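These are my notebook entries on a single protein chain. I set down what I looked up, entry by entry.

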Amino acid sequence: MPEQKTYIVEHLDPELGPWSALEYRAIARETAGCNGVFMLSSLPEGFQVPEELKQESAFRAETRGVEDLYPEGKGKERVCLLDPAAEEDLNPDDKRDFDVFLFGGILGDDPPRDRTSELRKKGFTGRRLGPVQMTTDTAVRVTRMVVEEQYTLDMVPYLDHPELKFGEKESTEMPFRYVKGKDGKPIMPEGMVDLIKKDADKSIDDLF
Ligand code: SAM
């Protein structure tokens, strides 16, 4: 059984926007820290991968989809889909049973539209990370904590729906679950708070 785990995000959105680019870079960096591989699968032929992502050592770009990479009888049974609708929660023993952890490459939405069902239909074994929707990088972070560091899901320090304050009056509530960092703040990809602020300013400007 290979000790090195592979974390795959199957690209399901038509494009890779700035939010996803920051999330994927964070996943690539953190996965390198635990000697794993981070793969973005099902990329359209000729897809322009953001330069910052290409430079990350753990990162692999892949045009094949996860079904072609791990067909029935050739590794499919070692793939675990992280699925908010799965009946069983991920637990530290899953480290033994799975080599590949698969996530939907979907931006979080509120209320969630269950686009993970596109991967569920393909018949991979599913595991839930508790009942609250996480951002994709948080879902990968929590999976790594369970699989690599042997946390149980109830040991992970969470922050649900945190409010981000920008200056005196502006704030935005994020409708997701995050891991709480040592500073008590939600762990977010580098650059994400600035991007959220920029997006919030833009929507305020659009009102006028
Ligand atoms: N709104 C979503 C949907 O349509 O399914 C959830 C998207 S979430 C931002 C991206 C991915 O993170 C999901 O496809 C899933 O793999 C993983 N994920 C997020 N929260 C999860 C949870 N509570 N349990 C299991 N997987 C989760």
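**Entry 1: Helix H6**

I began with H6 and listed its buried residues: Thr136, Asp137, Thr138, Ala139, Val140, Arg141, Val142, Thr143, Arg144, Met145, Val146 and Val147. Buried means under 20% relative accessible area, exposed means over 50%, and partly exposed lies in between (1.4 Å probe, protein chains only). I noted that 12 of the 12 residues of H6 are buried, so the helix is largely enclosed by the rest of the structure. Helix H6 covers residues 136–147 and reaches 16 Å from its first C-alpha to its last, close to the 16 Å expected at 1.5 Å a residue. The expected span is 1.5 Å times one less than the number of residues in the helix.

**Entry 2: Basis of the values**

I recorded that this is a predicted model, in which local features need pLDDT of at least 70 and side-chain atom pairs count only at pLDDT 80 or more, while totals for chains, interfaces and linings use all residues. Residues are numbered from 1 along each chain as its sequence is written, and side-chain values use heavy atoms, with hydrogens and water left out.

**Entry 3: The whole protein**

I found 7 helices and 10 strands in the secondary structure of the protein. The radius of gyration is 17 Å, close to the 17 Å that the globule rule gives for 208 residues, so the protein is as compact as a globular protein of that length. Helices (H or I, at least four residues) and strands (E, at least two) are DSSP runs, numbered from the N terminus. The radius is taken over C-alpha atoms, and the rule is 2.2 Å times the number of residues to the power 0.38.

The C-alpha trace spans about 55 × 40 × 30 Å along its principal axes. Of the 208 residues, 48% count as buried. I also looked up contacts, meaning heavy atoms within 4.5 Å. Among the contacts with a separation of 6 or more, 65% come from residues 24 or more positions apart.

The accessible surface comes to about 11,200 Å², and 48% of it belongs to carbon and sulfur atoms. These areas come from the Shrake-Rupley method with a 1.4 Å probe; for residues, only the protein chains shown count as cover.

I then looked up the charges: there are 29 positive and 43 negative side chains, and the centres of the two sets lie 2 Å apart. Lys and Arg count as positive, Asp and Glu as negative, and His and the chain ends are not counted. Each charge is placed at NZ of Lys, CZ of Arg, CG of Asp or CD of Glu.

**Entry 4: Helix H1 and its surroundings**

Helix H1 (residues 18–33) has 16 residues and reaches 23 Å from its first C-alpha to its last, close to the 22 Å expected. Its buried residues include Leu22, Tyr24, Arg25 and Ile27.

Pro14 is exposed, with a relative accessible area of 77%. Its C-alpha atom is separated by 28 Å from that of Glu77, 63 residues apart along the chain.

Asn35 is exposed, at 55% relative accessible area.

**Entry 5: The loop between E5 and H5**

I placed Pro111 in the loop between strand E5 (100–105) and helix H5 (117–120). A cis peptide bond joins Asp110 and Pro111, with omega about -5°. Asp114 also lies in the loop between E5 and H5, and its phi is near 55°, a positive value in a residue other than glycine. Asp114 is partly exposed, with a relative accessible area of 38%.

Is Phe124 buried or exposed? At 7% relative accessibility, Phe124 counts as buried. This residue lies in the loop between H5 and strand E6 (125–127). Not counting residues up to four places away in sequence, Phe124 touches Val66, Glu67, Tyr70, Lys76, Val79, Leu81, Leu102 and Leu119.

Glu88 is found in the loop between strand E4 (79–82) and helix H4 (94–97). At 42% relative accessibility, Glu88 counts as partly exposed. Which residues does Glu88 touch, not counting residues up to four places away in sequence? I found that Glu88 touches Gly126, Arg127 and Arg128.
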